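Subject: A structure for you to look through

Dear colleague,

I am passing on the structure we spoke about, and I would be glad if you read the notes below with the model open beside them.

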Amino acid sequence: MARRQVSVFDFDGTIIRGDSFFHFLYHISGRKPVAFALRLSPFVFRLALAAVGLGDKSKLKEKIMVRFLRPLPGREFSRLCYSFVAEIDKMLLPRVMELLRQADEAIIVSASLRLMIEPWAVRYGVKAVIATELAYDLQGRVCGFAGPNCKGREKVRSLRQYIAQYMPESDCELSGYGNLPDDIPLLEFCDKAYIVSRKSGKYEITAY
């Protein structure tokens, strides 16, 4: 019996150019530069430290997300996630999208928010989005992450958990696609692995 073919994609820098984090924050700020800058201003120094490898990037990301998302009612946040689909479409890498469309089954494993990615992913027939989850307080407002930021080895743990729950009897062959050092544990977990990289202004896909 042929093995079940499953393609596993990172999102930022793999399916899309660059990082969706600030694009999404700008989007939920109404695409207004002043509003975006004012909300982000308390974190400028810590962002500068994070850029040179100092500080806990996941904790910083969580604090920034709470500042931007906490004021939003649930329905408004959901609406903004769906309207962000058009912005994601502007950032897609054509070659990777070709591979995603050709995949028998595609799964996205990402440190970005699941609720942000999922409306886009459903549109393109992605089987599942395994990504960072949000936690809510008793008033239904965002108060942090519901568990670890889905990066590095957490991607492998979450993917293992998904396979055990939803594909327990399947003999899967996993093909992984990523772009950052944080993706290395995921790529090494897969049977086949590919790096998406930018060279001389062009994106290339090479075997890992």
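The notes below take up the sheet, then the helix, and then the cysteines.

This is a predicted model, in which local features need pLDDT of at least 70 and side-chain atom pairs count only at pLDDT 80 or more, while totals for chains, interfaces and linings use all residues. Residues are numbered from 1 along each chain as its sequence is written, and side-chain values use heavy atoms, with hydrogens and water left out.

Six strands form an open sheet with mixed pairing, in the order β3-β2-β1-β6-β7-β8; strands (E, at least two residues) and helices (H or I, at least four) are DSSP runs numbered from the N terminus, and two strands pair if DSSP finds at least two bridges between them. At the edges lie β3 (128–132) and β8 (202–207), each of which pairs on one side only, and the twist averages 20° from one strand to the next. Strands β6 (residues 172–178) and β7 (residues 192–199) run parallel and are joined by four bridges, with Ser 175 standing opposite Lys 192 in β7.

Helix α9 (residues 153–166) packs on this sheet and touches β1 (4–9), β2 (106–113), β3 and β6, where contact means heavy atoms within 4.5 Å. The direction of α9 makes about 140° with that of β2, the axes being lines fitted to C-alpha atoms (for helices over the stretch in contact) and angles running from 0 to 180 degrees between N-to-C directions.

The structure holds zero disulfides, a disulfide being a pair of cysteine sulfur atoms within 2.5 Å. For Cys 143, the nearest cysteine sulfur, that of Cys 81, is 16 Å away.

With kind regards
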